[in-house]
Amino acid sequence: MNGLIAMARKEFRHMLRDPWSLTIVTIGAALLLVLMAYTFSADVEDVPVAVVDGDNSSQSRAYLERFANETFFDVRYWATSPAQAHRWVGTGEVRAAIIVPPGVAQATLQGELVPVQIVVDGTEPNTAHQILGSAEALS
């Protein structure tokens, strides 16, 4: 323990004698902190998504408009088929696809729950998890 204290004193005196060392150490630490904060930031915004309205009813359009009005999602494409949306996710044009099946309006009028398919590109698991969480929150 005495050796550690002696070394700390020696380094502290060296820093006081050489102001450039203190400057470099301080600026270097600050730059490293900023770089690491930027690298590990998990903020995700404007996620490109495709939507498929298989029902084409006012209920399904209202549901999909929630995604279009959300700042987290950027609805880039309105696909005509689920296969087209899957292809866009597979090629990386979009990060996710929200697919509303046919019969949503009729099922909701009968009080039934309708499963909506959310297809997410899983190449970045943390981002995929955030996309799923936001999509489920809007559902």
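Which residues do ring pairs link into a cluster? They are Tyr 63, Phe 67, Phe 72 and Phe 73.

## About the model

This is a predicted model, in which local features need pLDDT of at least 70 and side-chain atom pairs count only at pLDDT 80 or more, while totals for chains, interfaces and linings use all residues. Residues are numbered from 1 along each chain as its sequence is written, and side-chain values use heavy atoms, with hydrogens and water left out.

## Aromatic pairs

Let's stay with the rings for a moment. The structure holds four aromatic pairs; rings of Phe, Tyr and Trp (its six-membered ring) pair if their centres lie within 6.5 Å, and planes under 30 degrees apart count as stacked, over 60 as edge-to-face and the rest as tilted. Phe 67 and Phe 73 make an edge-to-face pair, at 5.3 Å centre to centre with 65° between the planes. Both Phe 67 and Phe 73 are buried, where buried means under 20% relative accessible area, exposed over 50% and partly exposed in between (1.4 Å probe, protein chains only).

## The nonpolar cores

A nonpolar core is a set of buried Ala, Val, Leu, Ile, Met, Phe, Trp, Tyr and Cys residues joined through side-chain atoms within 4.5 Å. The largest one has 19 residues, and Val 47, Val 49, Phe 67, Phe 73, Ile 98 and Ile 131 touch the most other members. At least two residues each come from β1 (47-53), α3, β2 (73-79), β3 (96-100) and α6 (125-138); these helices (H or I, at least four residues) and strands (E, at least two) are DSSP runs, numbered from the N terminus. The most is given by α6, with four residues. Apart from this core lies another, of 10 residues, among them Ala 50, Ala 79, Val 94 and Val 119.

Beyond its neighbours within four places in sequence, Val 47 is in contact with Phe 72, Phe 73, Asp 74, Arg 95 and Ile 131, contact meaning heavy atoms within 4.5 Å.

In α4 (residues 82-91), Ala 85, Trp 88 and Val 89 are buried. They lie on the same side of α4 because they cover an arc of only 100° around the axis, taken from the directions from the helix axis to the C-beta atoms. The buried residues of α4 pack against β1, β2, β3 and β4 (117-120). On the face turned away from that buried side sit the exposed residues Arg 87, Gly 90 and Thr 91. Just after α4, Gly 92 takes a positive phi of about 90°.
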